[in-house]
Structure formats: structure tokens, C-alpha cells
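The sequence and the structure come first.

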Amino acid sequence: MTPSDPAPTGAPVDPPAGPDRPVRADARRNRDKLVAAARSAFAASDDTVALEAIARAAGVGIGTLYRHFPTREALVEAVYAAELDDVATSAPALLDAFPPDVALRAWMDRYAAFVATKRGMLDTLRAGWASGRIATATTRERITAALGAILAAGARTGSLRADVAPEDATVMLLGVFVATAGDDTPERTARLLDLVVDALRPRPEPER
């Protein structure tokens, strides 16, 4: 199939939900299972993932997949949006659970998982963004905002530096992920993220 993978001829497409046509609970469950299966599949592979394999992993038929996502791009857009929402909105819960510097490192792991998933669907995303069939995501702005919230909390407690712009910290993270985008190991990525956190901790005052 082409990168867009249109639905087979005759495959029905669910009509949009509205005030008079709510989404059935079983349809919502199937959609959620498909998105979850696609997220796992895209994170595990840098190659194009067969939609049939995603349907099998979700425990549904290929027709059900196409009823929810008529094209590959529609599925990729849903997965990308779900992943971005998770990483962009996870900062408050992490800050409630951990000190800011620990929350920062945990958030970086979540961001790394998002990047891994994105790699598995990058070709479809690029084609969709270029054609306008997939809406351009405000990824960098949302990532920077989440990172800025953690840095601000750390500055208030003294566990993170107050003189680092969130945009600069985002660039540091992007550098790590670009540098490890090939066949690098998760262990090396983790070591580099540890170094970024260390760079964002306050420097000790020099002895007088």
C-alpha cells in the first residue's frame, strides 16, 4: 500500500460523533486499543509498521482499524497527538510526586519515549505535514513549556538553576536525541540525559 494506506474499497467509515450521535463505548475502547497498539509498534520499529499487525495487536480486525482510521496518516496523527499530550502534560504530576530535579529526570525519560515513538512514524509525519493532510503540531512550544514549568519549580526550591532559559534546555535535549538517533543504546542515552540534569543543577559557590 502507499504511505497513506487508504481504506479498502467498501470499508465503512464511522460518522463523526456529535450531540445526536455519541461515540459508543465499545467503539471508543476499540479506538483506544488501536492507538495503544500503534504506539507500541511505532516505538519498537524504525521501519514502516504494517497496519494489519497493529490491528492484530489490538485484537480487532483490519476493517475496525479502517473504520476509525481511514488512512495510515489518520492513525499516525492520532498516535502523535496522544504521545505529545502525555509528555506535555506530565510535568505537574511528576512535580507532585518528586523533587524538581528528580521530576526533571523522570520527565526526560517520558520525552525519550515520545521521541522513540516518533521515529517509527517519521516518514508518514513528514509527508503529512508537507501535504497539509496532518496538522502541524506545536511540539517544540509544548515541550519547552513543560520543561519550563519544571525548571521554575526547581529554581524556587534551589534544586535547579534559575539562570537557564527553557528554550536553551530544550536545545540541549534535542542535541542528545539527534546524536543518539541511529543505533545508539538506551544506556548511552540515559547517561547523556544524566549529564544534562547535572548541567541544570546549581553550581556550588566557590570557597573564599
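## Helix packing and selected residues

With a relative accessibility of 4%, Thr180 counts as buried, because the cut-off for buried is under 20%. Thr180 sits in the loop between α9 and α10. When its neighbours within four places in sequence are left aside, Thr180 is in contact with Arg119, Thr189 and Leu192. The model discussed here is a predicted one.

### The chain as a whole

The protein chain contains 10 helices and 0 strands. Read from the N terminus on, its elements run α-α-α-α-α-α-α-α-α-α. Of the 208 residues in the protein chain, 38% are buried. The accessible surface of the protein chain is about 11,500 Å², and carbon and sulfur atoms account for 55% of that surface. Counting contacts between residues at least 6 apart in sequence, 72% join residues at least 24 apart.

### Helix α8 and its partners

Helix α8 covers residues 139–157, which is 19 residues. From its first C-alpha to its last, α8 reaches 28 Å, close to the 27 Å expected at 1.5 Å a residue. The buried residues of α8 are Thr139, Ile143, Thr144, Ala146, Leu147, Gly148, Ile150, Leu151, Ala153 and Gly154. An α-helix has 3.6 residues a turn, so residues three or four places apart point the same way.

Which helices do the buried residues of α8 pack against? They pack against α4 (72–89), α5 (91–97), α6 (100–119), α9 (166–179) and α10 (186–200). Just after α8, Gly158 has a positive phi of about 85 degrees.

Two packed helices are described by the angle between their axes and the distance between the axes.

| Helix pair | Angle between axes | Distance between axes |
|---|---|---|
| α8 and α9 | roughly 115 degrees | within 9 Å |
| α4 and α8 | about 25 degrees | 8 Å |
| α6 and α9 | roughly 45 degrees | within 11 Å |

For α8 and α9, the axes cross at roughly 115 degrees. That angle makes α8 roughly perpendicular to α9. The crossing of these two helices, α8 and α9, is right-handed. On the α8 side the contact is made by Arg140, Ile143, Thr144, Leu147, Gly148 and Leu151. On the α9 side the contact residues are Pro166, Glu167, Ala169, Thr170, Val171, Leu173 and Leu174. Among these, Ile143, Thr144, Leu147, Gly148 and Leu151 of α8 are also buried.

The pair α4 and α8 packs at about 25 degrees, and the two helices are therefore roughly parallel to each other. Tyr80, Leu84, Asp85, Val87, Ala88 and Thr89 in α4 meet Thr139, Arg142, Ile143 and Ala146 in α8.

The axes of α6 and α9 cross at roughly 45 degrees, and that makes α6 oblique to α9. The crossing of α6 and α9 is right-handed. It brings together Trp107, Met108, Tyr111, Ala112, Val115 and Arg119 of α6 with Leu173, Leu174 and Phe177 of α9.

### Two residues in α4

Glu83 lies in helix α4. Is Glu83 buried or exposed? Glu83 is buried, its relative accessible area being 5%. Apart from neighbours within four places in sequence, Glu83 is in contact with Arg39, Arg110, Ala113, Phe114 and Thr117.

Val79 is also found in helix α4. Its relative accessible area is 0%, so Val79 is buried. Not counting residues up to four places away in sequence, Val79 touches Val35, Ala38, Arg39, Phe42, Thr117 and Met121. Arg39 and Thr117 are contacts of both Val79 and Glu83. The C-alpha atoms of Val79 and Ala37 are separated by 9.5 Å, with the two residues 42 apart along the chain.

Ala162 is found in the loop between α8 and α9. Ala162 has 68% relative accessibility and so counts as exposed. Ala162 and Leu151 are 11 residues apart along the chain, and their C-alpha atoms are separated by 7.4 Å. Leu151, in contrast, is one of the buried residues of α8.

Conventions: Residues are numbered from 1 along each chain as its sequence is written. This is a predicted model: local features need pLDDT of at least 70, side-chain atom pairs count only at pLDDT 80 or more; totals for chains, interfaces and linings use all residues. Side-chain values use heavy atoms; hydrogens and water are left out. Helices (H or I, at least four residues) and strands (E, at least two) are DSSP runs, numbered from the N terminus. Buried means under 20% relative accessible area, exposed over 50%, partly exposed in between (1.4 Å probe, protein chains only). Contact means heavy atoms within 4.5 Å. Accessible areas come from the Shrake-Rupley method with a 1.4 Å probe; for residues, only the protein chains shown count as cover. The expected span of a helix is 1.5 Å times one less than its number of residues. Axes are lines fitted to C-alpha atoms, for helices over the stretch in contact, and angles run from 0 to 180 degrees between N-to-C directions. Angles under 35 degrees count as roughly parallel, over 145 as roughly antiparallel, 65 to 115 as roughly perpendicular and the rest as oblique. A crossing is left-handed if the near helix is turned anticlockwise from the far one by less than a right angle, and right-handed if clockwise.
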